[in-house]
Structure formats: structure tokens, C-alpha cells
Amino acid sequence: LNCVATDAEGRYALKSDMAKTQFVYISVPDGYKVPFRKSVPQIFRRIPRYAKGAEANFELEKRDYSMEEYRVAMVGDPQMRGFNHDTSAEKFRDVIIPDIVEYAKSEGKPLFTINLGDLCYNWMPAYDDYLDIVADSNIEMFHVIGNHDFDQATLFETKLGTHFFEEYISPTNYSFNIGKIHYILVNDINYARPNRKKHYGYGLDDDAVKWLEQDLSYVPKDHSIVICAHAHLHRHIKKALNYKRYSAALSKFKKVYSWSGHYHNNFGADFEGEEKDNLGNVVAVAVARCSGNFRANRYLNVDGTPNGYMAVEVNGDNLEWYYKTIGRDRDYQIRAYSPVRT
């Protein structure tokens, strides 16, 4: 809920409501490696339940290679059910991950991956198989929580539904820095609702937006922001919880690249120059589901997008991207189907 800077020797202290505190986590500064264990970032320390106080220490290792130019694979919605269930786990392991591994080996530039949510599909035991898959890949992978990653037995309060994600993966809101880009991953799915007939909502709850405002207060205003959420932070603005607060906080920076999954197709918008709703510095991109549309069509999404992910090429604080179809190079973008049966 709160952010604080360390002193020159790395010391810090936080006053917290220990009844609410589950993690202490570090926003890794530029020039240092983000530590990973089994391909999951280890930027947090868990706080024991009922503790009245805790100590959390972090060791940082300087990078021995340049991150001026690197790549990010933006992956949308694997929606796994686990092995031997409906082949969704096998497909993620045997089709999607090997292509990302090959992409990582190409061009000789560093790569990490951001999974934009819905790692699982309403089936919490799938987290075990998911972690086995990504651990074997040796790909550095950050994760956003999606609506299907919540424990469906406790949907009526958002925070009660996140405990499997937090147990297996990480906190639901955190950040890190590479060069003049500040990366932020947030939970924008709000399950607080009076009954099952009410749909979940979008936006950042009060705790998340308070944390975001504090986190951004330590970032120089000439930096660019890459913010990743499961649902589009800049699409449902009339209904999004706390939109005015988080958009005002983001509007102070050079450029905001807003990434999401959730919709199972690719679309984007460049709001440059838009004076209304604090959108003037925002480029927004939604990434199609990596495994095709649900389980009815294994190879295409509803808009005809084949299996794939967004390949992002970063140079300094500038981002360019293209859709990387599984098994194809960047020149392959579209296939047309004849309406005539042959």
C-alpha cells in the first residue's frame, strides 16, 4: 500500500497495517538484474500471517550487458486447464512456449516475456502445471492476474479471489525499471459485487491506485511508462474504477504504452493529442489470445488472428511491435480464405 525510497546504503523502513500486509516488494532500479526463480520474478518477500513486524532484504546484482536494445514478448490469455484435461496445457507447452524460446534465441538481443493474464481458466490446480511449463522454458516471465486466474469460489470480494495467484506467482501489483522505461503490472479486475448476476468491474481499486500514485512519484517525468493490465485500462474509461485518479497520475509522463489481453483479438489506439480524459500521451494495445479462440477453434481467434503473441522491440524508451504468428517470421501477417469450397 505504501512506497518508500532506500537511503544510499539500501536501508528503508515502512509503517504498515500488518493485518493487510502480505508482501514487501522492490521496484528493481535500472542497471540491475531482476532476480528470477523458475522463470518467475523474485522481487518480493512474503510477510508471515499475524506478524507484528517483519524484515525483508533484497540482493541486487548489476547487469553485465546493455539493455539499451532488447525485446519483450507480450502474451495474451493462455487459459490453461492443466495436463490431461483438454489439451490446453499441452498446447501451451508444445506450441506456444517453443516459439517464444526460438524468438528469444534470434537476433542476439535480451528478451523477457509479460503474460497479460488468464494464465489459467477457472481451475486453480492448473497453476502447478503452468509453473512447470514456464520453469522448463528458462524464459524470464512477468505475470498479470486475469479474471480467470481468480478463485471462482470466492468471487464476491476481489482480494479473497487472488490468493492462488499470490501463492503461486507474485503480488498482483508491482513495478521495475529498465533504462528510461518504468514497467508497471497491475490488477484491474474488480470482483467485488453483491451477487453472481452482477458482472465483475474494471479499473483500479482504492488500494491499487494509492500504490500506483506513490510508485510513480519516484519516477522522473521524462521517462516512458509501460503499464500492463488484463483488461484495457483506457477502453472502459466511463466505467473504470478510479479512472480519473490513475489517468491523471500517468498523464505526467513522456509516453504511456498501455498493454492488455482479455479480448481475444488484436486492436490498438494512439491517442496522441487527445486533450480529453488524460489520453494525450497514451498508446493502447490489446493482444489476441495466444492459443486461439477458447477450445472451439484451436488455431484462430474470432477476428481471424492465428496463434501468436506481440513481439515488441525496445530501443531506449521507444517501442515498436508486430504480431508474431507461431511458426512464422515477422513477414507473415495475414492469410485470406476463399469463400468458395474446393
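Trainee: Which residues lie nearest the centre of the second largest pocket?

Mentor: First, the general idea: rolling a probe the size of a water molecule over the atoms shows where empty space is left. Here a pocket is an open set of points on a 1 Å grid over the protein atoms alone, where a 1.4 Å probe fits, with protein on both sides within 12 Å along at least five of seven lines; lining residues have an atom within 4 Å of a point. In this structure, L300, G304, T305, P306 and Y332 lie nearest the centre of the second largest pocket, among 17 lining residues. Please keep in mind that this is a predicted model, where local features need pLDDT of at least 70 and side-chain atom pairs count only at pLDDT 80 or more, while totals for chains, interfaces and linings use all residues. Residues are numbered from 1 along each chain as its sequence is written, and side-chain values use heavy atoms, with hydrogens and water left out.

Trainee: What volume does the second largest pocket have, and how many of its lining residues are charged?

Mentor: Its volume is about 380 Å³, taken as the space filled by probe spheres set on the points, with grid points joined across faces, edges and corners. The lining of this pocket has three charged residues, beside eight nonpolar and six polar ones. For these classes, Ala, Val, Leu, Ile, Met, Phe, Trp, Tyr, Cys and Pro count as nonpolar, Asp, Glu, Lys and Arg as charged, and the others, Gly among them, as polar.

Trainee: Now to charges. How many salt bridges are there?

Mentor: Side chains of opposite charge can pair when their charged atoms come close. The rule used is a side-chain nitrogen of Lys or Arg within 4 Å of a carboxyl oxygen of Asp or Glu. By that rule, the count is eleven salt bridges. One of them joins E102 to K105, with the closest N and O atoms 3.6 Å apart. Both residues belong to helix α1 (residues 88–105) and sit three residues apart, about one turn of the helix. Helices (H or I, at least four residues) and strands (E, at least two) are DSSP runs, numbered from the N terminus.

Trainee: Which residues form a nonpolar patch on the surface?

Mentor: Patches are made of residues with over 30% relative accessible area and no salt bridge: like charges are joined within 9 Å, and nonpolar side chains (Val, Leu, Ile, Met, Phe, Trp, Tyr) within 5 Å. The patch here consists of V4, Y12, L14 and Y218, with about 340 Å² of accessible area together. Such areas come from the Shrake-Rupley method with a 1.4 Å probe; for residues, only the protein chains shown count as cover. V4 sits in the segment before β1 (23–25) and is partly exposed, at 39%.

Trainee: What is the phi of E107?

Mentor: Most residues other than glycine have a negative phi, and most peptide bonds are trans. E107 has a positive phi of about 70°, although it is not a glycine. E107 lies in the loop between α1 and β6 (111–115), and at 47% relative accessibility E107 is partly exposed. N242 also has a positive phi, about 60°, and is not a glycine. N242 lies in the loop between β12 (224–228) and α5 (243–250), and N242 is buried, at 17%.

Trainee: How far apart are V95 and N242 in space?

Mentor: They are 38 Å apart, C-alpha to C-alpha, and 147 residues apart in sequence. V95 is in helix α1.

Technical notes:
Buried < 20%, exposed > 50% of the residue type's maximum accessible area, 1.4 Å probe, protein only.
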